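Good morning, and thank you for making time for this item. I would ask you to keep the sequence and the coordinates in view while I speak.

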Amino acid sequence: MNRVLLPRGVCRVRFVAAAGVAAAAGSLGARVREPALYCPTADVGRHRQLKGYRMMRYWPRRAGGLPPGQRLLTVMPRFTDLPHLPPPAMPIEPRLEIRNEGELVAVVTAADLEALGPRDHPADFHCVTTWSVTGLIWTGVPLREVLASVGMSEAPAPYLVARAGDRRKAAFTWEDAVADDVLLATRLNGAALGDRHGAPLRLVAPRQYGHKSVKHLIAIDFRAEQPRVMSKEHLRARVAFEERHPRLPSPVVRLPYRLSIGPTAYLAERSLHRRRTPQS
C-alpha cells in the first residue's frame, strides 16, 4: 500500500481518523464539520524552523580583508544589549548637549550641524560580537569639528561619555573621540537614520567596536576622572588591536559572542516594530 504524502503540519493520525468519520457519515447521508487536521506540535515545529531560518540570516560568514576575528554579514541588523526593548522615543531632529563635569556648555542643533557641512564618509562597521558589515556610507560631521565650533578645540578633560536616549552610554579617551573618522552622523547609505540605526543622531567610531558607535545620541559629557564602564567593556575597544574585553583574551570570547548574534539580532528586529511614539 502506498503511503500518502501529507502537507507539512498535517497530523497523520488526525487525517486517517477524519477520513474514516467522513466515509461513515457519507454512507449515512449526513454532513460533518471540516476536521482540524493540523497538529499543534507540528505547527510549533514549523514555527521554530522558520524562526531558525530567520536567525540564520544573521550568522556571519568568513571573508577576506576583515580585521582579526571578524566575520561578514550582508545585512546590518538592529543590535543592542537589550534586544527585547523597542527603540526609545526620540525627537525628530538632533539635539546634542555638550557638558563638562555635568555642567551644560552648549547645545548643538540640526541647524548647527547643517552649517558645518555634513559630508559622506565611507566606513566599515565591526561589532564586538564578531560580525562586520562593509561598504557603508555615513553622512555627518566630524566630532572634533563640532567640539571646535563650541570652543573645545583642546581637551577640557581627558575622558568623555557619550549618552543615548535609551540610557546606554560609552566612554572615550579624548584621543579616540577626536580621531578624524569619528562622526556625528544623521544619514546612512543616503537615507536618514531610522529607529533601527539610531535616529536622529548617532556617534560613529569606525576604528572601535560597534558599542562605541552610540545610537540615539543626546549628550556628551567630559570627565576629569576615568568613567566607569561595564565589566565587559574595554575602555578603548580598538578593532585593530582586538580589544574586545578588558580582561579576557579575545580568542576566548569570540565564540560565545558569535553564538549570541542570531538570537540578539532576531529579538532586536522584532522589538523594533513595537517602537514608541516619537517626541515632538
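Phe222 is buried, with a relative accessible area of 0%; here buried means under 20% relative accessible area, exposed over 50%, and partly exposed in between, with a 1.4 Å probe and protein chains only. Please note that this is a predicted model, in which local features need pLDDT of at least 70 and side-chain atom pairs count only at pLDDT 80 or more, while totals for chains, interfaces and linings use all residues. Residues are numbered from 1 along each chain as its sequence is written, and side-chain values use heavy atoms, with hydrogens and water left out.

What is Phe222 in contact with, leaving aside its neighbours within four places in sequence? The list includes Ile98, Arg99, Asn100, Glu101, Leu147, Tyr159, Leu160 and Trp174, where contact means heavy atoms within 4.5 Å.

The structure holds three aromatic pairs; rings of Phe, Tyr and Trp (its six-membered ring) pair if their centres lie within 6.5 Å, and planes under 30 degrees apart count as stacked, over 60 as edge-to-face and the rest as tilted. For Trp174 and Phe222 the ring centres are 6.0 Å apart and the planes stand at 45°, so this pair is tilted. Trp174 belongs to helix H5 (residues 174-177) and Phe222 to strand S11 (residues 217-223), so the pair ties together parts that are 48 residues apart in sequence. Helices (H or I, at least four residues) and strands (E, at least two) are DSSP runs, numbered from the N terminus. Trp174 is also buried, at a relative accessible area of 18%.

Two further aromatic features follow. Phe79, Phe125 and Trp131 form one aromatic cluster. The charged end of Lys212 sits over the ring of Phe172, 5.4 Å from its centre; the criterion is NZ of Lys or CZ of Arg within 6 Å of the ring centre and within 35 degrees of the ring normal.

I turn to the nonpolar cores. A nonpolar core is a set of buried Ala, Val, Leu, Ile, Met, Phe, Trp, Tyr and Cys residues joined through side-chain atoms within 4.5 Å. The largest has 29 residues, and those with the most contacts inside it are Ile98, Leu184, Leu203 and Phe222. Two or more residues of this core come from each of S2, S3, helix H4 (143-149), S6, S7, H5 and S11. Another core, of 19 residues, lies apart from it and has Phe125, Trp131, Ala199 and Ile261 among its members.

Which residues of helix H6 (residues 250-259) are buried? They are Ser250, Val253, Tyr257 and Arg258. These residues cover an arc of only 130° around the axis, which puts them on the same side of H6; the arc is that of the directions from the helix axis to the C-beta atoms. What covers them includes S1 and helix H7 (261-272). Pro251 and Leu259 are exposed, on the face of H6 turned away from its buried side.

Next, the loops. Gln208 lies in the loop between strand S10 (202-204) and S11. Is Gln208 buried or exposed? At 5% relative accessibility, Gln208 counts as buried. Not counting residues up to four places away in sequence, Gln208 touches His126, Phe172, Asp176, Arg236, Ala237, Arg238 and Val239.

The peptide bond from Ala199 to Pro200 is cis, with omega near 0°, and Pro200 is in the loop between strand S9 (191-192) and S10. Glu101 has a positive phi of about 55° although it is not a glycine; Glu101 is located in the loop between S2 and strand S3 (103-109) and is partly exposed at 48% relative accessibility. Arg167, likewise not a glycine, has a positive phi of about 75°. Arg167 lies in the loop between strand S6 (159-164) and strand S7 (169-173) and is exposed, with a relative accessible area of 80%.

Finally, the chain as a whole. There are seven helices and eleven strands in the chain, and buried residues make up 43% of its 280 residues. Among contacts between residues at least 6 apart in sequence, 66% join residues at least 24 apart. The chain exposes about 15,700 Å², of which carbon and sulfur atoms supply 54%; accessible areas come from the Shrake-Rupley method with a 1.4 Å probe, and for residues only the protein chains shown count as cover.
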